[in-house]
Each structure stands twice: as C-alpha cells, then as structure tokens.
Amino acid sequence: MSTVTTTPAPAPAHGPASADTGAGTGAAAALIDGARERIDELDGRIIGLVQERIAVSEAIQQARMTSGGRRVNLSREMEILNHYSGQLGKPGTALAMTLLELCRGRV
C-alpha cells in the first residue's frame with residue numbers, strides 16, 4: 001500500500017496570502033504577521049504596567065485611608081485625566097478613566 005503526500009505550494013508573492021491577515025500578497029502577510037507579534041509583545045508589557053500601576057495605587061489608597069484620608073483624591077484624578085487627554089486626545093480621556101476605574105476600590 002503506497003501513501004502519497006503532497007505539500008501545499010507557497011502562496012505567490014503577488015497573490016492572496018492569508019485569510020488571517022486579510023493581506024492580498026505574501027509580502028504584506030509577512031509584514032502583518034511580524035507587526036502583530038510586536039503588538040502582542042507591547043500588549044504584554046502594557047498589561048504588566050497596568051498591573052504594576054494597580055499595585056502602586058493600592059499602596060497609595062491604603063496609606064491615605066490609614067492616615068484618615070479618603071480613598072480617592074479627585075483633584076489628582078483630574079490631573080491624570082488632563083494628562084492623558086493632552087497626550088492622546090479624547091480617546092486618552094477614555095483610557096485614563098479605564099485606568100482609574102481599574103485602580104479604585106481595591107483596598
């Protein structure tokens with residue numbers, strides 16, 4: 001009994017490359033794949049930084065509450081919102097709000 005195996009031909013450089021990337025060429029698909037790997041690395045770093053920010057915020061809240069203060073400092077939150085908005089525009093405000101929400105109330 002003989003077995004026949006076939007190897008799919010590589011996508012031509014000018015033809016469709018991959019449905020996963022949405023690219024129309026092999027070169028574009030390769031660029032997209034590489035860029036996606038970089039984005040995944042960046043996302044991992046961002047998540048780690050957010051987790052670190054949460055921990056620092058918890059320490060601040062704990063110190064503030066232990067000393068008789070309030071858990072949240074609204075003027076500081078406004079500084080953060082203005083900073084993100086100034087750097088990233090309206091989407092920066094939404095991002096800052098999400099970060100503040102993640103960091104509140106964990107103590």
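Of the 107 residues of the protein, 15% count as buried. The coordinates shown in each view belong to a predicted model.

**View 1. The helical elements of the protein.** The secondary structure consists of 3 helices and 0 strands. Read from the N terminus, the order of the elements is α-α-α. Among contacts between residues at least 6 apart in sequence, 34% join residues at least 24 apart. The protein exposes about 8100 Å², and carbon and sulfur atoms supply 59% of this area.

**View 2. The centre of the largest pocket.** The largest pocket has a volume of about 330 Å³. Its lining comprises 16 residues. Of these, Arg-53, Ser-57, Ile-60, Arg-76 and Ile-80 lie nearest the centre of the pocket.

**View 3. The helices that line the largest pocket.** Two or more residues of the lining come from each of α1 (26-66), α2 (74-88) and α3 (90-103). The greatest contribution is that of α1, which gives 6 residues. By residue class, the lining of the largest pocket divides into 7 nonpolar, 3 polar and 6 charged residues.

**View 4. Residues 11-15 and the confidence of the prediction.** Over residues 11-15, pLDDT stays under 50. Where pLDDT is low, predicted coordinates should not be read in detail. For the protein as a whole, pLDDT averages 87, and 79% of the residues score at least 70.

Methods
Residues are numbered from 1 along each chain as its sequence is written. This is a predicted model: local features need pLDDT of at least 70, side-chain atom pairs count only at pLDDT 80 or more; totals for chains, interfaces and linings use all residues. Side-chain values use heavy atoms; hydrogens and water are left out. On a 1 Å grid over the protein atoms alone, a cavity is a set of points where a 1.4 Å probe fits but cannot get out, and a pocket is an open set with protein on both sides within 12 Å along at least five of seven lines; lining residues have an atom within 4 Å of a point. Grid points are joined across faces, edges and corners, and a volume is the space filled by probe spheres set on the points. Helices (H or I, at least four residues) and strands (E, at least two) are DSSP runs, numbered from the N terminus. Ala, Val, Leu, Ile, Met, Phe, Trp, Tyr, Cys and Pro count as nonpolar, Asp, Glu, Lys and Arg as charged, and the others, Gly among them, as polar. pLDDT is the predictor's confidence in each residue, from 0 to 100. Contact means heavy atoms within 4.5 Å. Buried means under 20% relative accessible area, exposed over 50%, partly exposed in between (1.4 Å probe, protein chains only). Accessible areas come from the Shrake-Rupley method with a 1.4 Å probe; for residues, only the protein chains shown count as cover.
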